[in-house]
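Visitor: Could you take me closely through the part of this model where the ligand is held, and then turn to a pair of helices that meet?

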Amino acid sequence: MKTPLLSFTATLALLATAAQAQEVRVYNWSDYIDESLLEKFESETGIDLIYDVFDSNEVLETKMLAGSSGYDVVVPTGSFLQRQIMAGAFQKLDKSKLPNLENMWDVIEERTAQYDPDNEYSVNYMWGTTGIGVNVAKVKEVLGEDAPIDSLDLIFDPANMEKLAACGVYFLDAPTEVIPAVLKYIGEDPDSKDAEVIAKTEPVLMAVRPYISKFHSSEYINALANGDICVAFGWSGDVLQARDRAAEADNGVEVAYNAPKEGALMWFDQMAIPVDAPNPDAAHTFLNFIMDPENMAAASNYVYYANGNEASQEFLNEDVIEDTAIYPDAETLENLYTFTPYDQRLNRDVTRLWTKVKSGA
Ligand code: N2P
């Protein structure tokens, strides 16, 4: 009588394992996918998808360095990925499970290899720039027809910011995006790792701090679209999504994005599998699904970010592939810079500086 009982228990255990393998937990940026792809993934693969979102590399990094996040796929930006790889947070990809890797774009792979040599741990999801979103009419109303909407003068010159405060300015809550921009503005190397040079950004930020209504890395999309703010220092595709939401609402708000003419940060968000991912097989299935050219194009068409998948390009809408704010031409590309991670000591300095700037004290 005992044997069947035992084997029944064993069967239950096996079923539980099988059920667990049919699940994948993905942690991605907010406003970063066409949600119909999530359902498509589940119906094509039979794998349950749990999809959570974040809007801060620092939040993701805390989870990755602590371990046991429970996630199977996460999407850090290259400069953060690099530090997390060195901390042992990710597992090497099993490329035999990723036939769609052949669709990837060597131009982008070369750049992401700067953060992840040979792209052993990650594949590109999307990439973009950090720049200036404006409510065109409001900014011109406040600063005049010649308002410098494509210049860092707009957001770092206190004389401009004092006037813009009346219609509302949001900044990303992202020190590694804002500090390089300030460095560029004052003529320093945006990728500087010199503590004294980085310290020069503090007075520049403090001078405009009184005019910044909020530091937040996702609320500016709706705030711009609704006309609640007139300027956001934010991410390219997010501002373009705000433009779209305003057009859809037909509320008369015209939103525009410009990469600052002084130079803009170009970043790469990379899909990676945590070293302790509960379902690494399903994680590979998810990565391979995303790398399908039509799926990748659907995602870019929806969120207005470029991707690292060359085969997807024939499926991109014209307002995506032909917009140089999304797919920069050679001239635009020359004006983009990249950023590499701070070491631990500098990271502490930067965190301290950022806390001070945000509190305004
Ligand atoms: C999507 C923001 C992704 C860009 N909302 C940040 N790397």
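Guide: In this predicted model, a polar backbone atom of Ser30 lies 2.6 Å from a nitrogen atom of the ligand. Side chains take part as well: a polar side-chain atom of Asp238 is 2.9 Å from a ligand nitrogen, and an N or O atom in the side chain of Asp269 is 2.8 Å from a nitrogen atom of the ligand. On its own the ligand has 260 Å² of accessible area, and the protein covers 99% of this. Ser30, Asp238 and Asp269 belong to the set of residues surrounding the ligand, which also includes Trp29, Asp31, Tyr32, Thr77, Trp235, Trp267 and Tyr305.

Turning to the helices, the axes of H9 (residues 175-185) and H11 (residues 201-208) come within 10 Å and cross at roughly 100°; because angles of 65 to 115 degrees count as roughly perpendicular, that is how H9 and H11 are oriented to each other. H9 contributes Val178, Ile179, Val182, Leu183 and Tyr185 to the contact, while H11 contributes Thr201, Val204 and Leu205. Sorted by class, this contact of H9 with H11 holds seven nonpolar residues and one polar residue, with no charged ones.

Key:
Residues are numbered from 1 along each chain as its sequence is written. This is a predicted model: local features need pLDDT of at least 70, side-chain atom pairs count only at pLDDT 80 or more; totals for chains, interfaces and linings use all residues. Side-chain values use heavy atoms; hydrogens and water are left out. Axes are lines fitted to C-alpha atoms, for helices over the stretch in contact, and angles run from 0 to 180 degrees between N-to-C directions. Helices (H or I, at least four residues) and strands (E, at least two) are DSSP runs, numbered from the N terminus. Angles under 35 degrees count as roughly parallel, over 145 as roughly antiparallel, 65 to 115 as roughly perpendicular and the rest as oblique. Contact means heavy atoms within 4.5 Å. Ala, Val, Leu, Ile, Met, Phe, Trp, Tyr, Cys and Pro count as nonpolar, Asp, Glu, Lys and Arg as charged, and the others, Gly among them, as polar. A residue is near a molecule or strand if one of its heavy atoms lies within 4 Å of it. A polar contact is a pair of N or O atoms within 3.5 Å; within protein, one must be able to donate a hydrogen and the other to accept it, and residues adjacent in sequence count only if both atoms are side-chain atoms. Accessible areas come from the Shrake-Rupley method with a 1.4 Å probe; for residues, only the protein chains shown count as cover.
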